[in-house]
Amino acid sequence: MVNFKYFVISIALFQCTFIFSQTNVQSKATSSSQPKEQKQSLLEAHSNLMKKNDSFVTATREKIFSQELGPFNLIIDSLEQTVLKLVKKYKRSSEEIDSKTLDSLLNETTFKHKRYRLLYPNNYHRFANFKKNAAVSSDYFENVMKGSFDDPSLVQFKEYKRCMNYYFDILSAGKYKFSHLEYVPLKRLDNRYDAIAELEAHQSVKDFFIKEHFTSNIWTFRVEAFDYAFARALEDVKNEEYVKEIKDTYKMGKNRRKDASEIKVYKTVDDITLTAHIFYPENHDKSQAKPAHLFFNGGGWAIGLPEWSYGVCKSAAKEGRVAIAFDYRLRNIYGTDVKASVSDALSAIAWVRENAKELGIKPNKILADGFSAGAHLALVSSMIENREDFGVMSKYSSKPNAIILGSCPYDIAGRDVYNVPYNTKTISPMYLLKENLPPIIAFHGENDDMVEFSEFEKFRDAIQKTKNSFTWRSYAGAGHFYFDGGRPEDSDERRKLTEEFLLKNGFKMK
């Protein structure tokens with residue numbers, strides 16, 4: 001635990017230093033600037049201070065969120081006061097800045113810091129290694145958000161919307177809302193809709209956030225996941241413009257699938273229908289079998305959809321491969337854990353081989369490609385022998401013939417923190433490593449803060465002690481998504497190495 005005395009001193013120094021610099025800017029503005037320039041000076045000073053506070057919280061989040069509630073509140077209060085004092089000083093010294101601007105900045109400040117407070121129990125649990133919950137009251141979140149639901153004008157403010165959306169995410173976690181939210185085993189998408197619809201709030205506020213529920217999340221989840229909410233929204237929403245926007249969004253979610261050559265059901269489990277989104281090469285003659293390129297999207301086994309892979313599917317089809325993006329069970333839709341996602345990946349690859357003739361695919365040329373959680377599925381599918389434990393009974397193999405990995409999690413043992421009834425080492429590549437794996441090419445950013453680079457290094461060192469074919473590159477400065485800190489030339493190298501890998505293993509013609 002951090003020494004709170006010295007941490008508060010550092011906060012105070014941070015506060016005084018920044019207020020001094022901002023006051024100098026403000027004094028110059030109010031003494032010599034025109035009203036428009038004064039307003040612009042305030043807007044810039046407020047934005048800079050909010051960003052500085054946010055950077056401070058991000059950089060020291062473990063120290064801040066591992067505090068007990070009293071010290072934590074003092075820290076957030078101190079940060080909030082730096083911003084409020086700045087705005088109030090401008091207000092006192094300039095009659096030319098309109099009240100609407102001042103109210104806007106005060107609202108943005110209030111909800112920015114309310115969001116920090118909402119984050120507290122979840123992050124406290126995280127930094128306590130998932131073993132201890134924060135000592136807060138049962139109505140902690142409701143108290144933080146008290147008085148936030150009855151003013152429709154608030155929906156214009158960015159920080160209000162961010163704060164409210166996170167509040168709905170918390171409510172969607174049900175009995176787990178005081179725990180770290182990443183691995184909550186519930187159907188959270190439907191829960192989130194219920195949280196909005198059942199909120200004691202002004203109807204206009206509820207209408208707005210129901211509309212936002214669709215327009216924001218449609219890019220994250222398969223359209224079928226909105227069936228429940230769509231049926232309810234047509235009754236719950238009173239704003240006709242929002243109703244039209246919801247209908248248009250839902251329709252778009254269905255229409256965007258027209259890019260695929262065809263969509264087939266590859267698995268039905270627990271009344272859940274899972275689909276394969278297929279892209280054929282131009283003028284594909286199914287009697288002339290082609291290699292298959294299978295894509296598994298990322299999203300932490302909780303979010304994501306096959307449509308994320310449509311762009312790379314089109315590229316693979318242009319190069320002469322039958323490309324298929326797979327739907328699989330996700331935690332936030334179905335309340336399932338990683339094992340269910342693994343089961344679906346095993347089923348998907350076996351399904352491709354079983355239907356190879358119908359698809360015009362070479363059953364011995366199956367390439368599994370994935371990013372992040374999808375990369376885990378591609379890799380682990382080549383390692384599992386006891387498919388029956390995953391409910392997969394197919395006589396066709398689930399082992400791909402080659403694998404491409406991007407930002408792959410290699411050691412997921414212990415990541416399911418909500419008492420899963422099995423040993424997660426059984427789905428963790430680090431513990432399943434063996435000989436005779438398919439050839440693999442892997443890429444990883446050295447600044448990845450979602451899948452630590454050390455995890456990649458550990459797997460890389462282990463697999464290189466085997467006789468397996470393992471090609472890899474890591475990128476200094478690059479984060480989880482490569483482009484966040486990576487160099488432009490890195491993508492050119494990945495493209496070149498991938499092409500060489502495809503040629504070498506018979507998935508691309510010269």
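This is a predicted model: local features need pLDDT of at least 70, side-chain atom pairs count only at pLDDT 80 or more; totals for chains, interfaces and linings use all residues.
Biologist: Let's start with H8. How many of its residues are buried?

Modeller: Helix H8 covers residues 188–197. Eight of its 10 residues are buried, so the helix is mostly covered.

Biologist: Which ones are buried?

Modeller: In H8 they are Arg 188, Leu 189, Arg 192, Tyr 193, Asp 194, Ala 195, Ile 196 and Ala 197.

Biologist: And what do the buried residues of H8 pack against?

Modeller: They pack against four helices: H7 (158–172), H9, H10 and H13 (331–334).

Biologist: Take H9 from that list. How is a pair of packed helices described?

Modeller: By the angle between the two axes and the distance between them. For H8 and H9, the angle is about 160 degrees and the axes are 9 Å apart. Angles over 145 degrees count as roughly antiparallel, so H8 is roughly antiparallel to H9.

Biologist: Is the crossing of H8 and H9 left-handed or right-handed?

Modeller: The crossing of H8 and H9 is right-handed.

Biologist: Which residues meet there, H8 to H9?

Modeller: On the H8 side they are Leu 189, Arg 192, Tyr 193, Ile 196 and Ala 197. On the H9 side they are Lys 206, Phe 209, Ile 210, His 213, Phe 214 and Asn 217. Sorted by class, this contact has seven nonpolar, two polar and two charged residues.

Biologist: Now H9 with H10. At what angle do the axes cross?

Modeller: Helix H9 (residues 203–217) and helix H10 (residues 227–236) cross at roughly 155 degrees, and their axes come within 11 Å. H9 and H10 are therefore roughly antiparallel to each other.

Biologist: Left-handed or right-handed for the crossing of H9 and H10?

Modeller: That crossing is left-handed, whereas the crossing of H8 and H9 is right-handed.

Biologist: What does H9 use to meet H10?

Modeller: H9 brings Gln 203, Asp 207, Ile 210, His 213 and Phe 214. H10 brings Ala 229, Phe 230, Ala 233 and Asp 236. In this contact five residues are nonpolar, two are polar and two are charged.

Biologist: Back to Ala 197. Buried or exposed?

Modeller: Ala 197, in helix H8, has a relative accessible area of 13%, so Ala 197 is buried. The cut-off for buried is under 20%.

Biologist: What does Ala 197 touch?

Modeller: Leaving out residues up to four places away in sequence, Ala 197 touches Lys 206, Ile 210, Arg 232 and Asp 236.

Biologist: How far is Ala 197 from Leu 74?

Modeller: Their C-alpha atoms are separated by 34 Å, and the two residues are 123 residues apart along the chain.

Biologist: New topic: Glu 80. Where is Glu 80 found?

Modeller: Glu 80 is in helix H4, residues 69–93. Its relative accessibility is 13%, so Glu 80 counts as buried.

Biologist: What about the phi of Asn 129?

Modeller: Asn 129 has a positive phi of about 55 degrees, although it is not a glycine. Asn 129 is found in the loop between helix H5 (99–127) and helix H6 (140–144). Its relative accessibility is 56%, so Asn 129 counts as exposed.

Biologist: And the phi of Phe 130?

Modeller: Phi of Phe 130 is near 65 degrees, again a positive value in a residue other than glycine. Phe 130 is also in the loop between H5 and H6. At 32% relative accessibility, Phe 130 counts as partly exposed.

Biologist: Last one, cysteines. How many disulfides does the count come to?

Modeller: The count comes to zero disulfides. For Cys 313, the nearest cysteine sulfur is that of Cys 408, 19 Å away. A disulfide needs the two sulfur atoms within 2.5 Å.

Biologist: Is Cys 313 buried or exposed?

Modeller: Cys 313 is buried, with a relative accessible area of 0%. Cys 163 also counts as buried, at 0% relative accessibility.

Notes: Residues are numbered from 1 along each chain as its sequence is written. Side-chain values use heavy atoms; hydrogens and water are left out. Axes are lines fitted to C-alpha atoms, for helices over the stretch in contact, and angles run from 0 to 180 degrees between N-to-C directions. Helices (H or I, at least four residues) and strands (E, at least two) are DSSP runs, numbered from the N terminus. Angles under 35 degrees count as roughly parallel, over 145 as roughly antiparallel, 65 to 115 as roughly perpendicular and the rest as oblique. A crossing is left-handed if the near helix is turned anticlockwise from the far one by less than a right angle, and right-handed if clockwise. Contact means heavy atoms within 4.5 Å. Ala, Val, Leu, Ile, Met, Phe, Trp, Tyr, Cys and Pro count as nonpolar, Asp, Glu, Lys and Arg as charged, and the others, Gly among them, as polar. Buried means under 20% relative accessible area, exposed over 50%, partly exposed in between (1.4 Å probe, protein chains only).
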